[in-house]
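Here is a short briefing on one protein model. Please keep the sequence and the structure open while reading.

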Amino acid sequence: MATANISPSAPTLSYNSKRTSRLSSLSNVALRDQSKPHLFTKSSVNVITQKARTSQLESVGTTSSDEYGGIIRRLQNGSDVRGVALDGEPGRTVDLTPQAAQVIAESFGEWVTQRVVRDEKDGGGDMAAGTRVQVSVGRDPRLSGPRLAAAVFSGLAKAGCHVVDMGLATTPACFMSTVLTPFNYDASIMMTASHLPYTRNGLKFFTRQGGLRSSDVQEICELAARKYVARRLGIGGAGMPPAVTRVDFMSAYAEHLRKIIVERIAHPTNYQTPLKGFKVIVNAGNGSAGFFTWAVLDKLGADTTGSLHLEPDGMFPNHTPNPEDPKAMSLTREAVLANGADLGVVFDTDVDRSGVVDSTGVAINGDKLIALMSSIVLREHPGTTIVTDARASVELTEFITAKGGHHCLYRVGYRNVIDKGAQLNEDGVETHLMMETTGHGALKENYFLDDGAYMVVKIIIEMVRMKLSGIEEGIGSLIRDLKEPAESVELRLNIVTAPSYAKGKGSEAVQSLKEYIQDGKLKGWYLDTCGDCWVSEGCLVDTNETPADIDAYMYRAKVSDDANGQHGWIHIRQSVHNPNIALNMQSSVMGGCQSIAKVLLDSFLLTSGVKEYLDISQVEKFVNN
């Protein structure tokens, strides 16, 4: 079955700057070349120019050490914003307040306005010169959502944007609202904190070129920090109440997914209901994914009896909405077996990630999900390159290679992985699949967008195709040849400093370990260059002329010993979500991970001085168990 051919056409929005995004190739993806209806009339309110705003804020004299400004800067979470929005976490205070959300949204609105132009069909001219940006806003069901949404609407309106409320939505749908006709909004914000506790919330940002990069969000947060300080000092807080238009975009998005399934399956007898006769269990985890059951699967004829936790509930009472969560996968497995289903699906809160369970009850996430998608994509695009994060196993590399593909291991972080795939395509290296072991996955054919629902659509299409071809085995049979490492372990080193110093101390510790390895202080450890993917220094630095931004320091090292030779690896990285350092280890021999951890403990953690600001108890417990 051939992949749908998406023909590029002239985009209606492009950057009006010299920004060199890894996703610049996305400016050529298929965008509807039609004029966008104007849903708003021009406001008679005069908007203060950016120059005047900047001058006003500079007079405050803020610096990076300002207490108030630091609150906003610390909300940056790589390529998005996350913080505590409700009381209830021991030791954590609310920092993502309505005022914080307002200044961040206002800064995003100004950032977008300064950087885009419209073509003649959209009215032409520089956005900042008068044509107003339209920004859609969606949210997951978190309890803090409505209150923060009002602040976001207000901030966007203060920036001179037209605000469009999508209501309960998904992260992929927010991006799609910028490219699907007749919506074609200029930008979008999704309010979510993914799988994090109900007390958290956050903002994800999109333009028609895709999700923003860490450097973009840093720029926005820097401007927002200055605004926040000014507001605390009583400067610049006034504004008109926002005018908000409500749209039902999720119905259009569901129709888009249904159309893909119908057209690509092209069922010979049940063309409009190609899922008739198939049983699919959906576990939405009380997040935003319920629509996939009633608005996609049911309408295509699937039997979704036995599906779990479809109703949105911002407390997430049943389990964490996360395809990596053991309880989520276990409950879905039980439902699949109890209902004799062909497939089970687990989504995270905002549906940019997914995992599945096959008809025999085998959970398919992590490396297994990457292998499954690789099998599907390599049949459609023989010889393509597949990009994953550097936590993927050696066995996954062997699986991809055996099927004729190429495996590029890259930096941890879904934005890093996706940007790497876009960059490889720009360089002439055909790369159709980019996936992180957490379940984030993007396809070249789908705007390089990490869309958990689209991934499941691909899997469902393959499931039906196999049945029509007379193959009675389920989709799990596609990864029968995937081997697994003997051991795989993840540990955390909590950073025990004030929050404002945590990122710096995390970088210091990771860099110290790199130097120890380079100096030969850990016998048998060597920094891993991860093959021929144009990456050096353990998945950190591109050797290209324009290296990728560094959102967190991380390295991977190969590990050998006298008894087993090279038997595993260790990956150490700063977390961009929390004040800790993640340690991932894999070994091809039993007891290998404990051996790796002992060398780390004895030759680095206890001797380098990092234990002064790192809690090493998890490593000690694992070594001494």
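Phe292 lies in helix 8 (residues 291-297). Helices (H or I, at least four residues) and strands (E, at least two) are DSSP runs, numbered from the N terminus. The model is predicted: local features need pLDDT of at least 70, side-chain atom pairs count only at pLDDT 80 or more, and totals for chains, interfaces and linings use all residues. Residues are numbered from 1 along each chain as its sequence is written, and side-chain values use heavy atoms, with hydrogens and water left out.

**Phe292 and its surroundings**

- Phe292 is buried, at a relative accessible area of 0%. Buried means under 20% relative accessible area, exposed over 50%, and partly exposed in between (1.4 Å probe, protein chains only).
- Setting aside residues up to four places away in sequence, Phe292 touches Leu257, Val282, Leu297, Phe347, Ala453, Val456, Val457 and Ile460. Contact means heavy atoms within 4.5 Å.
- Leu257 is 35 residues from Phe292 in sequence, and their C-alpha atoms are 9.2 Å apart.

**Sheet 11-12-13-14**

- Four strands make an open sheet in the order 11-12-13-14, with mixed pairing. Two strands pair if DSSP finds at least two bridges between them.
- Strand 11 (280-283) and strand 14 (363-364) are the edges; each has a single partner strand, so one side of each has no neighbour in the sheet.
- Strand 13 (residues 354-358) pairs with strand 14 in the antiparallel sense over two bridges. Val356 stands opposite Ile364 of strand 14.
- Helix 9 (residues 326-339) lies across strand 11, strand 12 (343-347), strand 13 and strand 14, at about 155° to strand 12. Axes are lines fitted to C-alpha atoms, for helices over the stretch in contact, and angles run from 0 to 180 degrees between N-to-C directions.

**Sheet 16-15-17-18-19**

- Five strands make an open sheet in the order 16-15-17-18-19, again with mixed pairing.
- Strand 16 (406-410) and strand 19 (449-450) stand at its edges with a single partner strand each, so one side of each is left without a neighbour in the sheet.
- Strand 15 (residues 385-389) and strand 17 (residues 431-435) are parallel, joined over four bridges. Thr388 has Met435 in strand 17 as its bridge partner.
- Helix 10 (residues 367-380) packs on this sheet and touches strand 15, strand 17 and strand 18 (441-443); its direction makes about 170° with that of strand 17.
- Helix 11 (residues 394-402) also packs on the sheet, touching strand 15 and strand 16, and its direction makes about 150° with that of strand 16.

**Helix 10 against helix 11**

- The two axes, of helix 10 and helix 11, come within 10 Å and cross at roughly 10°.
- Helix 10 and helix 11 are therefore roughly parallel (angles under 35 degrees count as roughly parallel, over 145 as roughly antiparallel, 65 to 115 as roughly perpendicular and the rest as oblique).
- Asp367, Ile370, Ala371, Ser374 and Leu378 of helix 10 meet Leu396, Phe399 and Ile400 of helix 11.
- Ser375 is also in helix 10. Ser375 is buried at 12% relative accessibility. Beyond residues up to four places away in sequence, Ser375 touches Lys403 and Leu478.

**Strand 6 and cysteines**

- Strand 6 (residues 162-168) has six of its seven residues buried, so the rest of the structure largely encloses it.
- Strand 5 (residues 134-139) runs parallel to strand 6, joined by six bridges. Ser136 has Val164 in strand 6 as its bridge partner.
- Cys161 is buried at 3% relative accessibility. Cys408 is buried at 3% relative accessibility.
- The disulfide count is zero, where a disulfide is a pair of cysteine sulfur atoms within 2.5 Å.
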